[in-house]
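Dear colleague,

I am passing on to you the structure that I have been looking at, and my notes on it follow directly below. Please read them with the model open beside you.

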Amino acid sequence: MRWTQTFMPTLRETPADAEIISHKLLLRAGIARKLTGGLYTFLPAGVRVLRKIETIVREEMNRAGALEVLMPALQPPEIWQRSGRYDTASEVFFRVKDRARKEWILGPTHEEVITTMVADELNSYRQFPRNFYQIQTKFRDEIRPRFGLMRAKEFIMKDAYSFDCTDEAAQTSYQKMYDAYSRIFKRCGLQAIPVEADTGVMGGKFSHEFVVPAESGEDEVVYSEGGRYAANVEKAACKPFEPIGTEADAALPIERFATPGVGTIDDLTCEPFGVPAWRQIKTLVYVVESKPILVLLRGDHSLNEAKLTGVLGTAKFRPATADEILELLKAHPGSLGAVGVAHVPVYADEALRNCRGMVTGANEDGWHLRHVVTDRDLSVGRWADLRTVRAGDLCPVTGEPLKLRRAIEVGHVFKLGTKYSIALNALFLDESGKQQPAFMGCYGIGITRTLQAVIEQCHDQDGILWPATIAPYTVCITPLSADPNSQVMQVAEQIYAELGASGVEVLMDDRNERPGVKFKDADLIGFPIRVGIGEKSLANGNVEVKRRGGALTAVKVGEATCAVRELLKGCLANLNLP
């Protein structure tokens with residue numbers, strides 16, 4: 001391809017609304033252009049990158065035994081009602097109506113569609129296992145589209161769905177996809193880390209996210225230095241805490257004391273009270289599908305609402321209002337507690353179990369209780385891990401202090417179990433003729449998000465450093481003269497033809513631009529290898545070959561093609577492809 005025959009408009013200035021480096025480079029390098037918030041047009045170079053990522057994904061999905069399908073983007077709401085997600089996932093829906101005023105949903109994902117198909121088509125154990133995948137546009141009504149392709153209203157996704165006869169077989173399918181994802185991200189040049197993750201509205205037994213460490217990431221990942229434990233902060237656990245207090249504390253009766261003006265945990269830590277936060281019991285009031293509950297944590301801990309969702313089995317809950325709290329407990333926040341409360345279900349974090357000498361609100365404004373023993377004085381209906389893990393907590397595997405870092409999610413694998421197959425009647429006859437629900441898994445990769453994640457991880461001060469496997473072109477030939485009759489251009493044409501004939505994707509920068517402009521554009525767009533051809537180097541019988549981010553090397557004209565191909569082999573070898 002010749003530069004003058006394609007369309008790669010680069011920008012010298014960064015658009016004002018581009019917040020993170022990958023978003024800036026996405027626009028400056030002519031990969032994509034913003035239509036409006038959350039919607040982007042991909043330009044020719046961007047399309048080439050997308051297609052290469054899609055090719056890698058297809059090759060690895062096919063290698064893992066998955067079969068490609070293509071499902072409708074327009075979905076009937078009835079199947080979402082049957083799965084139970086019409087309400088729980090409704091916030092992300094784009095809804096449209098046809099001329100008959102019938103409602104339709106633009107697909108944010110396709111569990112319901114594929115399960116409906118399997119219910120109609122597969123009815124015997126002999127037809128399993130099956131794994132279907134597609135690469136398709138998805139639509140989600142993001143509240144705040146931002147960071148370019150990272151959080152968009154419309155995006156390209158690869159989603160796959162496995163169906164098995166048993167839970168054990170489903171685990172085998174899950175592992176195949178897990179391994180395929182590891183290969184996909186390596187081939188794309190990404191350092192993606194698998195971490196344990198919360199299943200969220202997807203439901204299911206367990207899941208893993210594949211994340212790319214990045215300061216701009218919207219996810220937080222908890223990990224141990226040795227690499228034996230990593231989890232999304234919504235899922236992360238830590239080593240159990242030692243119970244607070246002594247046997248002597250356990251022998252003391254509850255004592256009521258005045259706390260005028262105390263409205264927060266911090267207020268109680270100050271003089272004259274001096275109660276450290278870890279000695280306090282934090283009482284939160286939530287409303288779950290119109291019914292109140294109390295959630296208890298240590299005063300220095302924070303509630304993890306994703307964990308609470310898992311414990312409650314629903315995401316349909318909210319913090320109670322001040323008026324609701326006053327009516328329920330006869331006190332305002334800051335003086336709340338669960339001692340003597342029997343008319344409201346109580347959920348308590350495991351860190352409070354067996355704690356003694358604790359302080360909590362007395363459910364009377366301006367009063368608290370001390371010498372509280374959690375197992376003696378509280379009627380806890382359920383103990384569970386409800387807190388958000390913090391840096392410095394001890395790893396549940398190694399016991400070493402945990403660390404936190406920000407990351408970008410690029411892929412997610414779920415083991416779903418039978419949630420959708422039961423709801424949507426995806427049943428089969430087993431060997432004994434008994435009807436059973438299929439065991440499912442689902443697996444997603446954000447194609448467009450992966451593109452931007454590569455930019456976020458692979459760049460320098462001059463622009464993008466595309467991995468050779470997904471670069472728009474692997475080699476850019478930069479003749480310093482655009483005169484077709486010049487020796488410079490004749491040599492450029494020779495090398496261009498030789499590289500093209502050997503299967504290398506090469507771009508000829510035949511623009512009539514200054515050398516500095518050409519070099520800057522090549523670095524900005526991020527071609528892995530550049531071949532510079534000028535009169536000075538040709539006078540010595542040489543051209544200049546440069547790996548992106550590396551040093552110039554003078555190479556004899558007749559050896560240029562071989563030198564580029566060897567350098568390209570080195571670029572691919574550095575990806576440690578499986």
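A salt bridge is taken here as a side-chain nitrogen of Lys or Arg within 4 Å of a carboxyl oxygen of Asp or Glu. The model is a predicted one, in which local features need pLDDT of at least 70 and side-chain atom pairs count only at pLDDT 80 or more, whereas totals for chains, interfaces and linings use all residues. Residues are numbered from 1 along each chain as its sequence is written, and side-chain values use heavy atoms, with hydrogens and water left out.

By this rule there are 42 salt bridges. One of them joins the side chains of E220 and R406, at 3.6 Å from N to O. Because E220 belongs to strand β11 (residues 219-223) and R406 to strand β21 (residues 403-417), this pair ties together parts that are 186 residues apart in sequence; helices (H or I, at least four residues) and strands (E, at least two) are DSSP runs, numbered from the N terminus. E220, at 30% relative accessibility, is partly exposed, and R406, at 29%, is partly exposed as well (buried means under 20% relative accessible area, exposed over 50%, partly exposed in between, with a 1.4 Å probe and protein chains only).

The salt bridge between D393 and R387, at 3.0 Å from N to O, has buried partners, with D393 at 7% relative accessible area and R387 at 3%. Salt bridges that share partners also join E19, E142, R146, R151 and E218 into one network.

As to the domains, whose bounds come from an automatic or database domain assignment, the protein is divided into domain 1 (16-190 + 414-456), domain 2 (247-384) and domain 3 (473-574). The C-alpha centres of domain 1 and domain 2 are 41 Å apart.

There is also an open sheet of five strands, in the order β16-β14-β15-β17-β20 and with mixed pairing, where two strands pair if DSSP finds at least two bridges between them. Since β16 (317-319) and β20 (382-384) stand at the edges with a single partner strand each, one side of each is left without a neighbour in the sheet. Strand β14 (residues 281-288) pairs with β16 in the antiparallel sense over three bridges, and V287 stands opposite R318 in β16. Helix α10 (residues 322-329) packs on the sheet and touches β14, β15 and β16, contact meaning heavy atoms within 4.5 Å.

Conventions. Axes are lines fitted to C-alpha atoms, for helices over the stretch in contact, and angles run from 0 to 180 degrees between N-to-C directions.
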